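User: I am new to reading protein models, and I would like to go through this one slowly, with questions and answers.

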Amino acid sequence: HWSGRPGTYTEQMEGPVDEAKIRLRFPPEPNGYLHIGHAKSICLNFGLAKEFDGRCHMRFDDTNPVKEDQEYVDSILGSVNWLGFNWKDDKECNYYFASDYFDYMYDIAEHLIKTGDAYVDEQSAEEMKENRGSLHAPGKNSPYRDRPVEENLRLFREMKEGKHPEGSMVLRSKVDMGSRNVNLRDPAIYRIRFADHHRTGDKWCIYPMYTFAHPLEDVLENITHSICTLEFEDQRAFYNWATERSIPVTRAPLFALAVEFLNDLINAPEEKKEKFIKAAVKFKWKLGQNREEQEVLTLLNQIKEKLASEPVEYDAVLGSEVIGKIARAPAHFTPLLSDVLSAVVKPNYFLLPHQYEFNRLNLTYVVMSKRKLIALVKEGLVDGWDDPRMPTLVGLRRRGYTAEAMQLFCDRIGVSKQTGGWIDYSVLEGCLREVLDSSADRRIAVQKPLKLIIDNYPEDQMEQIETPNHPQYPERGSRTLGFSKELWIEEDDFSENPPKGYRRLTLATEEKPAAPVRLRHAYVVEATHVDRDENGKVIAVHAKYYPETKSGSEGANNIKTKAAIHWLSQKDSLPAEIRLYDRLFSLEHPDEGGKDFRELLTPDSKTILKSYVETSLKNAKPEDKFQFERNGYYVADQKDFTPGNLVFNLSVPLKDSFNK
Ligand code: ATP
Ligand code: MG
Ligand code: MG
């Protein structure tokens, strides 16, 4: 039935179906960039496939022509890859486009018309909505519901040929307008859209609705576990309706064989039946000897009854019922039935996908709705999809998140059926800290530089001070920092009006002498006086040092200090741009509260600093990650970092200071 089409069903499915134990899919719509919520779904689907030695299809659910684009396809592939998952394995590429199935979907729609399971409805959108009823009131049948099959077919074909304007009619499933489940009240399955599709161009002017397309995609790819978020729970009934009814088309050749086989078995003379049962015993099932096997026989008998009351040849309605029954049989039947059927056909062809639901990720301070993310980018409220403040995977990557941290996060938050839960943003940050604490080498950066001049240090002297790359891992080596008379220290490490408990550099007052402070890995110093600009702002701090207090020397502890601060020599440091990022939204639940999300943006969530960093950092590569001691974890910017233009992004501060 399918042969002669490029990339046919059989061609695509032949190889893996026998071997695969479970098959899952990750099916994003290529209408935006992936965000952290998608990461949860990716880790779940690809992760399960890995764990159970199955496979996970990377599938683009591109059945809506209007919003989809190749740019999104490329970025989605990049992000899945970055997270550490691959849709290629040693045998084949598990990489699919739903739009490749438009021909099949169309055939299935025609099939549904022929079996009386679909009709063309010409009610207006408002009428359809009105007649759909509500949770408390049943729906009303459309006046077009009982059109003759031929008329439905003719109209549907005309829709396909572009003879009717958008919105003038839709193809609807015929399920049950009285169902308590509103999703079963004849949902539309095809609509007219005169739009170019990013892959099929103008070949089609009718497109399947998502709720119809999705189950068919799963059947066509032999998915076993179709995992989606909980909002789709009420769709499961229609999902099953569509998958079962598609079988006579999607499994047509196999179905014919199975009917033949069952028919043979049921109509066989007694001695042949006995032979079969003997063969079956050899297969290690003793049919009829315990309850389970009785149930199998009962099922076979039910099939027999069906076959007796319907024509035995290929029959669509019968087909869906028989195979649907087998597919929906309790789990312990499945291997037995598969064995029965595998006498003639490949068993997995008869398994239908099951839908399972899990809770979506909600993260505090973060919006994930595609509509809002697109608005942030298009309205210039952020610097593009990969702005480090964005919850997109490209944004998180640019912020300095690693695949390992993302996977740790997904493991930690887990999967459940609980709705409405929120994960605190600090959980995500904690995962990154945990990963970077051991993996990132330590470096020195002075973010907000202030000059420190050590007046009693010799003018032209430069000492080389050895500093370990990671205090816990001496095997990672060390590098040297030059120490000289003129240094950079952090602006915050000096205070003229120290608040209570301040332990860093201060000037002496009448009540209190200046506190001695250690310059890390070097000497103890005390501030003496300051230089000011014409506005009175401190532009340099002068200090004296105690030569006998060098770290590691005998006199190191001669003077007790209460703080150690970091520094860089002016002669041995390089200017760098450091970009500090705050949370994009200042509200814990930015989607709630009725305000426009634009009003909830944190003011000045991006700060650019002119900083100094140690010279070794000119050898860094884009995306290298470091702990800048005492400040936090930083990443060399993926796009803007070059040896001549050092740019670092703050990934996460050392401590969770947000709620202080
Ligand atoms: P839209 O915003 O257009 O409704 P979507 O959020 O459903 O789209 P898709 O591209 O359709 O995004 O999503 C692909 C997969 O990612 C789906 O299977 C969906 O269940 C999953 N997913 C999306 N958002 C989340 C989330 N916040 N948590 C967990 N999984 C998610
Ligand atoms: Mg979606
Ligand atoms: Mg969404």
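Analyst: Two residues are in contact if their C-beta atoms, placed from the backbone, lie within 7 Å. This is a predicted model, in which local features need pLDDT of at least 70 and side-chain atom pairs count only at pLDDT 80 or more, while totals for chains, interfaces and linings use all residues. Residues are numbered from 1 along each chain as its sequence is written, and chains are lettered from A and ligands numbered from 1 in the order in which they are written.

User: Is Asp 531 buried or exposed?

Analyst: A residue is buried if 20 or more other C-beta atoms lie within 10 Å of its own, exposed if 12 or fewer, and partly exposed in between, with C-beta atoms placed from the backbone. Asp 531 has 12 C-beta neighbours inside 10 Å, so this residue counts as exposed.

User: Which residues does Asp 531 touch, not counting those up to four places away in sequence?

Analyst: Asp 531 lies in strand E19, residues 524–532, where strands (E, at least two residues) are DSSP runs numbered from the N terminus. Lys 451 is 80 residues from Asp 531 in sequence, and their C-alpha atoms are 9.6 Å apart. Once residues up to four places away are set aside, Asp 531 touches Ile 539 and Ala 540.

Note on methods. Helix = DSSP H or I, 4+ residues; strand = E, 2+ residues; numbered from the N terminus.
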